[in-house]
Amino acid sequence: GFLKRRVRHIYTATNGKLGLELFKQYRPQIVITDINMPEMNGLEMAEIIRSAAPDIPIVVITAYNDQDYFIKAIELGIDKYILKPVETERLLNTLLDIVEKLNAKREIEMMRKHLEDSMRLQSVAQLTKGVAHNFNNILVGIMGYAGLMRMRLSEADWHGREEILKYIDTIERSADRASELTKRLMAFSGKTQLEKQDTSINEVVEQALELFTVPKDINLEISLSEGPLPIQVDRDKMAQVLVNMCINAIEAMPEGGAIKIETFQEESNGVIRITDTGIGMDEETVRRVFEPFFTTKGLATHLGLGLSTSNTTVKDHGGFIKVHSNLGHGSEFKIYLPLAKEKA
């Protein structure tokens with residue numbers, strides 16, 4: 001009874017076999033078992049659980065002060081062996097101590113993963129910058145030879161010249177666009193300081209859309225404001241924010257779905273709203289979604305470094321983000337950015 005008042009969920013079983021079934025179904029964070037149980041005793045059940053889930057803490061409570069049982073418990077790696085009669089305060093303190101150690105272990109694991117993610121991002125950024133640089137060199141050659149072709153054709157006088165010149169126009173326009181994209185990729189992967197410039201919210205969205213590919217099973221809808229909604233931001237950094245959020249939205253829809261990106265004005269702010277039809281988040285996840293080390297991996301949605309970085313970037317621009325979500329009903333992220341003073 002006292003445990004039910006202090007834990008979120010508790011599952012009880014009258015024998016070892018039923019306890020094992022409940023464990024497989026609910027995967028609790030801690031297992032508490034008696035040794036003397038029908039059909040399968042507590043240590044037999046603990047041995048199966050330990051082989052399947054080595055990290056799950058197991059507490060054994062027993063009236064048997066038997067050396068063989070105690071040695072068996074040690075061999076299984078039982079976290080705590082408590083003899084009856086059990087004081088409720090002692091059991092509660094034992095559980096709190098286990099939870100504290102478990103949380104510390106998980107925090108270390110999250111920090112390790114965060115470090116790995118950071119190193120991976122740095123490697124990807126370096127690779128992206130190198131690829132963009134080399135690709136830009138290739139484009140220089142394409143544009144150079146296209147220019148030479150144009151010059152030679154302009155000097156000639158023969159049927160079909162104008163049609164060939166139109167083809168060259170297309171080549172040059174495509175190369176210009178590719179060159180602009182490589183410049184953005186290099187800036188995207190290498191800048192740390194904000195370089196704000198006058199732009200509009202719509203231009204930021206359009207730039208972000210060029211930086212990632214939407215899977216075939218995702219329907220992307222864009223609804224941009226008719227007005228310019230001028231803002232002063234680092235376009236590359238803000239585009240990165242949108243890319244991070246769109247990637248998170250895509251990951252929240254493993255079986256496909258829809259993303260909608262809208263821009264509009266709300267009071268003195270320009271707003272970018274990103275909605276998805278994904279798995280959504282519960283209230284606790286929404287509350288902690290921007291924490292750098294927060295994760296509910298294995299319990300709900302894993303929302304890692306990308307959202308934390310995005311929130312920091314938006315704050316650095318004097319803005320903020322609002323989140324609304326419900327489990328099973330998708331998520332909505334609204335990015336608020338102050339409009340340029342003349343507009344505000």
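User: Which residues in α2 meet Tyr69, Lys72, Ala73 and Leu76 in α3?

Analyst: A contact just means heavy atoms within 4.5 Å. Here, Leu43, Ala46, Glu47 and Arg50 in α2 do the meeting. The α2–α3 contact splits into five nonpolar, no polar and three charged residues (nonpolar is Ala, Val, Leu, Ile, Met, Phe, Trp, Tyr, Cys and Pro; charged is Asp, Glu, Lys and Arg; the others, Gly among them, are polar). Keep in mind that this is a predicted model, where local features need pLDDT of at least 70, side-chain atom pairs count only at pLDDT 80 or more, and totals for chains, interfaces and linings use all residues. Residues are numbered from 1 along each chain as its sequence is written, and side-chain values use heavy atoms, leaving out hydrogens and water.

User: At what angle do α2 and α3 pack?

Analyst: Helices are DSSP runs of H or I with at least four residues, strands are E runs of at least two, and both are numbered from the N terminus. Axes are lines fitted to C-alpha atoms, for helices over the stretch in contact, with angles from 0 to 180 degrees between N-to-C directions. Helix α2 (residues 42–52) and helix α3 (residues 67–76) pack at about 10 degrees, axes 10 Å apart. That's why they count as roughly parallel (under 35 degrees; over 145 is roughly antiparallel, 65 to 115 roughly perpendicular, the rest oblique).

User: How does α1 pass α2, left-handed or right-handed?

Analyst: Look at the near helix: turned anticlockwise from the far one by less than a right angle is left-handed, clockwise is right-handed. α1 crosses α2 in a right-handed way. Helix α1 (residues 16–26) sits at about 25 degrees to α2, with axes 9 Å apart, so α1 is roughly parallel to α2. Gly16, Gly19, Leu20 and Phe23 of α1 touch Met45, Ile48 and Ile49 of α2. That's five nonpolar, two polar and no charged residues.

User: What about α6 and α7, at what angle do they pack?

Analyst: Helix α6 (residues 201–209) and helix α7 (residues 235–251) pack at about 65 degrees, axes 8 Å apart. Their crossing is right-handed. Among the residues in contact are Val204 and Val205 of α6 and Leu242 and Val243 of α7.

User: How many salt bridges are there?

Analyst: Look for a side-chain nitrogen of Lys or Arg within 4 Å of a carboxyl oxygen of Asp or Glu. The whole structure has five. One joins Lys260 and Glu221 (3.7 Å, N to O). Lys260 is in strand β7 (residues 257–266) and Glu221 in strand β5 (residues 218–223), so the pair ties together parts 39 residues apart in sequence.

User: What is the mean pLDDT?

Analyst: pLDDT is the predictor's confidence in each residue, from 0 to 100. The protein's mean is 79, and 81% of its residues reach 70 or more.
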